[in-house]
Amino acid sequence: MSVSLVSNAYLDDASSKIRSKPVPWEGYQRAELVTSEELALIKKIDRQSRAKTESLLLNDGQTYALLYLRLLKKLQRLDTMQYILVLIADALADHDERIPLFTRTAENEPELPYGPLTRVLDMQDEFMQLKAAQILTVLLCAEPRPLAPSQLHQFLGTLATMVQSHSPNKHDVGVQCLEALLARPECRQAVWAIPGIIAGLVEILKHKQGPQMCYQVAFCFWLLTFEQNIAEEINKKFDIIPLLINVAQNAVKEKVIRVIVATFRNLVFKAPKANLPAMLVAQLLPYAKNLCGRKWTDEDIVEDVQYLRDELAANFQSLTTYDEYTSELASGHLSWSPVHESDDFWKENATKLNEKDYGQLKTLLRLLNDSQDPVVLAVAVHDIGQYVKHHERGKKIINDLGAKRRVMELMSHSDSDVRYRALMSVQQLVSQPWISV
């Protein structure tokens, strides 16, 4: 892995400007911030040609790695720190063999190499933050031993703010850093422990990005879903299945579809119970069948698409109408599918919502309370009315669970359909006889 993995036009342009600016090294020595030995070493390499720099690093790479990190640690001036970061990145660019020169500096000072670089992340200067992230990613990805949470925590906190920010450069660098880090299993668990990162990636995808950014974010999801616990929970917490289907359906590049299909395969293989219902509700089966009929240049995608289609089809065959309803409830994506408006369905199934301590009914009420989507609210409040109409104790149960007030509140909702459906349900709540036992 090399530093070129995280490439960004803004960083390249700013770095080349910083390389050409003079740094007052003699002034630092007079102020006793730099020793005469350090001054002699830095003067040899300062603003030299690439060939001269390469020759010095070939012979004295370890010395310079230690020098750069020590200077970064003790000097405070912004432009000088920017210059040192550029020197470090230049030393690492296309030279994987130099990475250990920096990681070995811990033998001289335990705080190196990560301490000074991590401190830079706290600075408000965008260039500094992005350049430090670029360097940290290379060093951390190359560590031979598993990374400790303490090594990752602050950096991942910064990446969370980067992927949630409004700066395209922060998005770009943050996502590339995550792509590289998530190749390591311990990084997947550490990233999962910071919800802001996943939420940020989801938001990036929602805002109709270009194909490269869609691919990179989906690649992050693909890597995350290799972990059992993440595959079980990611859709429940972040609703990524309908979002990824939408991105795949609008994708023009094959590689975007390929990585999304591979992500779905992971989700089905690792956690079928958690993900198949949501996939069926989100209409992944017809899309998978459609993908099976296409011509692909990559053999992997053919196998993944067939696997998805077969698993979804097998699951679909075994679904009863009530299973479809509970899958829809579990996904949180209520829509006007036929079951909601079928009197026969409610006659047969209204009482089933009471099973397992009113489990399904409570899920329905949670959607009624928490959803911001007018369609979900309209369907949910309609279903409450159907439940009360077809279950003799429904009125009392809804009252006992405290949902009557919420149904009445929705009569003044801004959406006309929600208002109408809430009014219909209130009529059921008021007109049905009370059954107290």
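Reader: How close do the axes of helix α10 and helix α13 come, and at what angle do they cross?

Author: This is a predicted model, and in it the axes of helix α10 (residues 168–181) and helix α13 (residues 211–224) come within 9 Å and cross at roughly 35 degrees. α10 passes α13 in a left-handed crossing.

Reader: What makes the contact between them, residue by residue?

Author: On the α10 side you'll find H171, D172, V175, Q176, L178 and E179. On the α13 side there are M213, Q216, V217, F219, C220 and L223. Sorted by class, that contact has seven nonpolar, three polar and two charged residues.

Reader: Why is L368 called buried?

Author: The cut-off for buried is under 20% relative accessible area. L368 has 1% relative accessibility, so it counts as buried. You can look for L368 in helix α22.

Reader: Which residues is L368 in contact with, leaving aside its neighbours within four places in sequence?

Author: They are L377, A380, V381, I384, R406, V407 and L410. Take L410 from that list: L368 and L410 are 42 residues apart in sequence, yet 9.2 Å apart in space, going C-alpha to C-alpha.

Reader: What makes D94 stand out, and is D94 buried or exposed?

Author: Start with the backbone. Most residues other than glycine have a negative phi. D94 isn't a glycine, and its phi is positive, near 60 degrees. As for accessibility, exposed means over 50%; D94 has a relative accessible area of 56%, so it is exposed. D94 lies in the loop between α5 (78–92) and α6.

Reader: Where is K356, and how do you know whether it is buried or exposed?

Author: K356 sits in helix α22. With 81% relative accessibility set against the cut-off of over 50%, K356 counts as exposed. K356 also has a positive phi, about 50 degrees, although it is not a glycine.

Reader: What kind of peptide bond joins L112 and P113?

Author: A cis one, with omega at about -5 degrees. For background, most peptide bonds are trans. P113 belongs to the loop between α6 (99–103) and α7 (114–120).

Reader: Why is a space called a cavity rather than a pocket?

Author: In a cavity a 1.4 Å probe fits but cannot get out, whereas a pocket is an open set.

Reader: Which residues line the largest cavity?

Author: Its lining is I18, K21, P22, V23, P24, R77, D79, T80, Q82 and Y83. α5 gives the most, with four residues. By class, the lining of the largest cavity comes to five nonpolar, two polar and three charged residues.

Reader: And what about the largest pocket: how much space lies in it, and which residues lie nearest its centre?

Author: About 750 Å³ of space lies in the largest pocket. The lining has 23 residues, and K236, L329, A330, S331 and G332 lie nearest the centre.

Reader: Which helices supply at least two residues of that lining?

Author: α14 (228–238), α17 (272–281), α20 (321–331) and α22 (355–370) each do. The largest share, five residues, comes from α17. By class, the lining of the largest pocket has seven nonpolar, eight polar and eight charged residues.

Key:
Residues are numbered from 1 along each chain as its sequence is written. This is a predicted model: local features need pLDDT of at least 70, side-chain atom pairs count only at pLDDT 80 or more; totals for chains, interfaces and linings use all residues. Side-chain values use heavy atoms; hydrogens and water are left out. On a 1 Å grid over the protein atoms alone, a cavity is a set of points where a 1.4 Å probe fits but cannot get out, and a pocket is an open set with protein on both sides within 12 Å along at least five of seven lines; lining residues have an atom within 4 Å of a point. Grid points are joined across faces, edges and corners, and a volume is the space filled by probe spheres set on the points. Ala, Val, Leu, Ile, Met, Phe, Trp, Tyr, Cys and Pro count as nonpolar, Asp, Glu, Lys and Arg as charged, and the others, Gly among them, as polar. Axes are lines fitted to C-alpha atoms, for helices over the stretch in contact, and angles run from 0 to 180 degrees between N-to-C directions. A crossing is left-handed if the near helix is turned anticlockwise from the far one by less than a right angle, and right-handed if clockwise. Contact means heavy atoms within 4.5 Å. Buried means under 20% relative accessible area, exposed over 50%, partly exposed in between (1.4 Å probe, protein chains only).
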